[in-house]
Each structure stands twice: as C-alpha cells, then as structure tokens.
Protein chains: 2
Amino acid sequence: MKEESIYYQPEIETIERGELEKLQLARLKETIRIASNAPFYAKLFSDNKITHESVGCIDDLKKLPFTTKSDLRDNYPFGLIATDMKNVVRLHSSSGTTGNPTVICHSQHDLDQWSNRLARCMYMVGLRNTDVFQNTSGYGMFTGGLGIQYAAERLGALTVPAAAGNSLRQIKFITDFGTTAVHAIPSYATRLAEVMQEVGIDPYKDTQLHTLIIGAEPHTEEQRKKIEKLLGVKAYNCFGMSEMSGPGVAFECTYQNGLHLWEDCFIMEIIDPETLQPVPEGEIGELVLTTLDRDAMPLIRYRTRDLTRIIPGKCPCGRTHRRIDRIKGRSDDMFIVKGVNIFPMQIEKILMQFSELGTNYLITIDTVGNNDEMMVEVELGELFTDDYSKLQQLTREITRRLKDEILLTPKVTLVDKGSLPQSDGKAIRVKDLRKK
Amino acid sequence: MKEESIYYQPEIETIERGELEKLQLARLKETIRIASNAPFYAKLFSDNKITHESVGCIDDLKKLPFTTKSDLRDNYPFGLIATDMKNVVRLHSSSGTTGNPTVICHSQHDLDQWSNRLARCMYMVGLRNTDVFQNTSGYGMFTGGLGIQYAAERLGALTVPAAAGNSLRQIKFITDFGTTAVHAIPSYATRLAEVMQEVGIDPYKDTQLHTLIIGAEPHTEEQRKKIEKLLGVKAYNCFGMSEMSGPGVAFECTYQNGLHLWEDCFIMEIIDPETLQPVPEGEIGELVLTTLDRDAMPLIRYRTRDLTRIIPGKCPCGRTHRRIDRIKGRSDDMFIVKGVNIFPMQIEKILMQFSELGTNYLITIDTVGNNDEMMVEVELGELFTDDYSKLQQLTREITRRLKDEILLTPKVTLVDKGSLPQSDGKAIRVKDLRKK
C-alpha cells in the first residue's frame, strides 16, 4: 500500500521564498540545458546567445522570446522534443480543429512528476485513500482523463473511470459505489445536479459526495457557490492545460481564495497581451509559464492565452507558492473599448449576481458616430415579473454595477428568456461590429 | 528509463510443467486464503469445507462450485471484495445494459500484475520502447483502454491514446506520428483500412505500421489474414475480459498458432457448458478460469462463457504455458441440432473461406415434421456471377464444407448482397424457430 502522506511535502509547499527562487534557478538552468536538445530551442538559444551556463538569475529568462501555440504547430509534431524518441512514453494532442493539432510528449519522468503534482493538489483538499473518486472527463487524448486517473490512483483512492457523458449512469455509479469526490467541468457538474433532481436523487441524503474538482472551463465564484449548494460539496478550482502537461498547474487549497500555482514546477509571468510587458503585481494579464520539471518537451515562456492575476498577500494555509485568480477568459477574447481592456468574464461575473437574470447574454460593440458603444443584452430568468418599473429599476442597478467593474457605462437591455441565440458548443458572447 | 527486457521472463514463460504446477498450487492456496475475506467466498468455502490449508492439489479446486456472472450481479457492487476498500484503487464496470453491471475492483498490486502481464504479451510479439503504439479502444470503464495504455507505457513505447472513433483522425495520427503498432477490434481494423483506401493512404508505403493487436471480438483466421494483408501488418490475437482484469489473459506468440494462456496467473479448465463436466483435452468447451495473482477480488472457477479448446502439443517458441484456440463464440450462442453442439463461429469460419461470398449470413433452425432442420442463408459478394450453374456448384461446395465442419448437412441458400437484415450493433446470426 502507498504511503499517501508523501503527497504533502511541507519542505516544498511552504518553502521560504528565497529558497524557492534558488530552486527555480537551478531547475531553470537544467531546463535550458535539456531544451537545447530540441532543434527549435537550440536555434532560439543560439540566436539569443543563451546557454544554461550563462543564465545567472531568473530574470535572464526575459532575454528569450515567448513560445506560442503557433510555434508548436509550426514544429509539428516532434520539433520541440528534447530527448531521444525512445524515452517518450506518452503523447497528448489537441483536437486540432483548424490546422495541425498541438502535440505534447512525455517521458516516464514527466508522467511521474505530473501525477505526483496532481496527487499533491488532491491531497491538499483532503482527498485520501478512503475516498471514492469518479472522473467524468473524457479519456484518451484529453489530459483531464488519464492525468486525473493516474494522480487519484497514486493517492490510493478508489478510482471510478466513468469517462464523459451518460448522466444516469454517472449518478448510478455515484450512489452505488459511494462516490465521495467527482472531477467535472462546471457545466457538467450543474447538469448532474439537474438530472439528480429529475430522477429524485437528493445529493445530500442519497450520496456521500463531499468534494468536487472543477476546471477546464472558465466560471465565476457565483457559479461555484451555486454548484456547491446544489450538490452539497466543496468545489475546488483546478487549473491546467495540455501544453503544461494537463490539470494540476495550479489548484485551490481549502481556503478557496485563489489557486496556488506550483512554483517549484513552473516560473510564472503575467503580461499585457497587447504590449507583451509585465503587468504590475495584482493586475490582470496573460499567464506565461516556463516548465521546470519536464525533460521530454520543456516549454519556455509559453503564452497560455489564459487571463488571470496574481493575488497579493500570503495564504493562511501557509503555502508560499503564489496564488492566481480564477481564469478570467482567454486573451484572444479580450476586447478594447475606449482604451479599456475588457474581458467577457468581467461582465458575466456581474450578471450572475442577479437572481432575476438567466444565464444567457450577448455583448455587442459598435461604432456610433465616432464613438465605440457597448451594449449588453441579457435574458431574464424564468419567473421574473413583467412589471415595467421593476424592470427599469433592475436595468439601472445592473448598469451601475457593470460600470463599477469595467469603468464604462454600457447600454443594458433585458430580454425574454430564450430570445438570444442558443449555442450547442462554446457560447458566442461578444459581437464586435466596429469597422477596423 | 525502464529496463524493458524485464518483460521477457524465461524462468516463468518456459518453466517446466511440474514446476509450473507447484507454483500454481502455492498461488491457489494463497488465493483461497485471500478470497475467504470476501463474504461471498467465505460462505462458499465454509459450505464446501475448504480452507487454504486443506487444498493439497490443484484438483481440489473441483470441490468448489463455479462462480458465474450472476454471482457478481447478485453481490453487486462489493460483495466479492477480499480486501479493505482503502486498498482498492480502480474499479471497472460492465455497461450493464440489463440489470446491475458487473464490477471488478483492483488493488495497486492487481494493476501492477495486470500491466506487467500485458507488457509481457506485447514484448512477446516484438514491441519495444522504439515503437509508437496507438490504442483505438474506448477508455474509461472499458478495460481495453487503460489496460493497454498502462502496459504499453511500461514497455516504454510512445503511446498514442487515440481512443475510439474518428477514423480520419486515427489515420492522421498513424501517418504523422509514425505509428508502428495499433490495438483495435478486428472490425475496426478493417474499417481503418477501408478509410485509408478512400483517402488515398497506402498502408504499405505511407505508414510504418508493422503490428496489430486484435481482440475483444470473435474473428476467424480468414479475417485475420485479410486484415494483415490490407494493412501490411502481423496481427496478434489477444484474449481477455474485464472479469479477468482485462486484455492479456492469453496472447499469441510470433508463431500465431494459438494463444498462450498465462498459467502462472490463471488456472484454466474447459468444460461442457451443458453437463459442466471437463471436456477431453483438445475439444471445444467453455473456458473456466481461476485467478492466481489478484488480491482485491480473486475469482475462483469463473465461467467465462467463452468457447475455446486447448491446442495439444508444444509451441516451437519454447513457452510451456498451454495455448487456447481463438474464441469460437459464447456458450450462450451455442445451439444444439440433432444432438450436435454447434457454434455460429464454426459456420462463419467456413463461409469466410469463399471469396465469392459477402460477410452477412443468417442461420435458421426450425422444426420440420419431427426433425430439426438447419438453413444457412448467405449473401453473395459484390461482383459474383448470376450464372445459374455456377451458383449451384458453389452452393454444393459450401454445403459439403459445412458438413465436414459440423457433421450435419444444412440447407444452404445464396442470396443477393444486401438482402439479409443489417445490424447496427452485434449482428444476429441465429434464429431458432423450434418449439421448445
């Protein structure tokens, strides 16, 4: 039997910042040494006159340009591999709906590091070998499947690899196997709660659920609270992406006040996606990550496209790894109105606070005269009044709260439930009609 | 890096039979000791006055009744667990289309044993850490996903967890990643070859494929040969089932003359599914297996429902573990005509030898007067003649060959392509219209 407590490592998780930076520097030098075996990085290091010996401090990293998703595609499939192919034991690939997919390769060492890091995350929120852990991710190429599976097994939990879909079967597993913890994307967690209600299962009385791991889909604090209440669980936010191996890059502790990004395994930067300069600490920008524990395919200054900020201050849990805020959206989704960077998630966050509103909304930006105008249409909830004065009052209140958040006054329009376009896949939230 | 050669173990694979039986007995006693922790087996052993100490030879096993799928269902989900639940790290469940699914639980030890045994199988047919191994199984609950994944990683192959479906994407992976080996069910291997042809990929010139692992679906030697030719590979037959952990119970060596059943991990019996008595060596019957290396959920004398026979004689490869023949179907599919046990696969095997025929056929059994009559309708292939005398001659030849195989003379009818009922899922091959 596994000695599970190896997944709490105070000497790493509460390491003094100065020591952490020393560890990062040593690992960065090793990463640069390894990466120079890959044709792509060999050229990049040589062009920028960098060697693992010349790197003297973490800031030296900034002498290197960013690595982007396009670099992965242009060097598809194996141009960034820094090891002999016979050391590679796993490949994960994006769906590649347009052009070549992005491919990430792993050595056994990489899989071990990833599994251990993710086991650390799960141990942090209280999961133990007595838990029954059901994973509703797709398996195969999607890293939320095998990634979570391996980590939960390391922890010694009873893993139920249910995979995606079939809600009735998921619920049968949850009740029959005494599932205590579930991994799901937020929208699927909500769906499971709905189906439970339809079939008369009370998650509080009829299940032993206590923990949910949610990730892979941006969501607001309000959505988390709703899911927690619906299922009677604590829901912990998990951040990751296949380019950074998969889930487990950053993870909430039991204080639920931001996600500890594991700085023994990654160097993080937050940049302005327009200027590419670092943003002041605490401000929102694009997360850029350098891997520190991969040997098959290290990535250096990788632009994740995910928007977040570093939460200032110390976490009461004692962990010294800095926390990032929940993902605010994708840098590709950012739009600029009157010189202000705006992310759809900022709008959504405010709208979700009104119980009178539904969940569907649409932001339209257009040129009116010489000015940019921003309009927010949002559907009303099922049961709201048609009392005109109440609707007017609600509109005013929403407008005021949006202005507080984005520093602009949008035109807010309340519409009937079902009147905005529905989407089967990823909802379209922004229509930019301005002449470029 | 893994020392891959640990997956050839001559001391086990070519063990002298006497030594193998000693090993089996020791492991059987240990299995009985462990199994007695499960309520189901505790009662069964007590009812039959068996303890691990009382077992003196392998034949003592026959003092115990068979374990069946119904026993698994009646004790759903955890009545056969022989260990503390906190030692269980994985659960696999059947789809359970009718009634409760069957559930198999694994400890870390069980997963290690299973992975190592399957890595042994794959090493046996020449797979190494230089191979690129693509798994087209469904993942999640289906054991062909995680089972094969873990084993291929142990071997150090570059695994591509493509999962099921999306043939165009599978083929893109095969060409782009230089896939050398694929795991697929036989019908899907054929489908991949068809789609390759449609999109102008020549498996001989445009891919590096050399090995295919096929299983989970009964198929004939003729189908194997066809698949090998279509894809330019050697195709090795793999046998397993979730109740016996999954794939890797028996596997062909490079001689392709039957599947070595790993007798260090299983005790096998072949019984008549009607009388439940052992059949003479070499005759077809139902395979019954006892696990020898599981500790979370050992199964004793489990009726697999799979029909096969032990192939007499020694294999030129030197392995001493006895070989079973390819699966002949399910004992549930067996039908009896005029006192003769007949399996649909026997019919299929003969029909597949005629290049003039398509792949769809239907066996109908009916009472005519006081006699059972058997009729075989089979579709012609695309391009066959409508010359009456040629059709008559073909019918006679098919009838003669069927009679040689099943010792009865069926009425054979050739029909046009597409005129028999099509099936989306499992084809219905037998219609029994007799009054019971």
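At 45% relative accessibility, A:Lys62 counts as partly exposed, because the partly exposed class lies between the buried limit of 20% and the exposed limit of 50%. The model in which this residue sits is predicted. A:Lys62 has a charged partner in its own chain: A:Asp59 forms a salt bridge with A:Lys62, and the closest N and O atoms of the two are 3.4 Å apart. Side chains of opposite charge can pair when their charged atoms come close. Over all chains, the structure holds 70 salt bridges.

Helix 6 takes part in the contact from both sides. In chain A and in chain B this helix covers residues 143–154, and the two helices pack at an angle of about 75° with their axes 13 Å apart. An angle of 65 to 115 degrees counts as roughly perpendicular, and helix 6 of chain A and helix 6 of chain B are therefore roughly perpendicular to each other. On the chain A side, A:Leu146, A:Gln149, A:Tyr150 and A:Glu153 meet B:Leu146, B:Gln149, B:Tyr150 and B:Glu153 of the chain B helix.

A:Arg90 forms a salt bridge with B:Glu153, the closest N and O atoms being 2.5 Å apart. This pair crosses between chains, from strand 1 (residues 88–93) of chain A to helix 6 of chain B. Both A:Arg90 and B:Glu153 are buried. In the other direction, the side chains of A:Glu153 and B:Arg90 meet in a salt bridge of 2.5 Å, N to O. That pair runs from helix 6 of chain A to strand 1 (residues 88–93) of chain B. A:Glu153 is buried, with a relative accessible area of 4%, and B:Arg90 counts as buried at 1% relative accessibility.

Charged residues also link up within chain A. There, A:Glu221, A:Arg224, A:Lys225, A:Glu252 and A:Arg326 are joined in a network of salt bridges.

Note on methods: Residues numbered from 1 in each chain as written. Chains lettered and ligands numbered in written order. Predicted model: local features only at pLDDT ≥ 70, side-chain atom pairs only at ≥ 80, totals over all residues. Heavy atoms only, no water. Axes fitted to C-alpha atoms, helices over the stretch in contact; angles between N-to-C directions. Helix = DSSP H or I, 4+ residues; strand = E, 2+ residues; numbered from the N terminus. Parallel < 35°, antiparallel > 145°, perpendicular 65-115°, else oblique. Contact = heavy atoms within 4.5 Å. Salt bridge = Lys/Arg side-chain N within 4 Å of Asp/Glu carboxyl O. Buried < 20%, exposed > 50% of the residue type's maximum accessible area, 1.4 Å probe, protein only.
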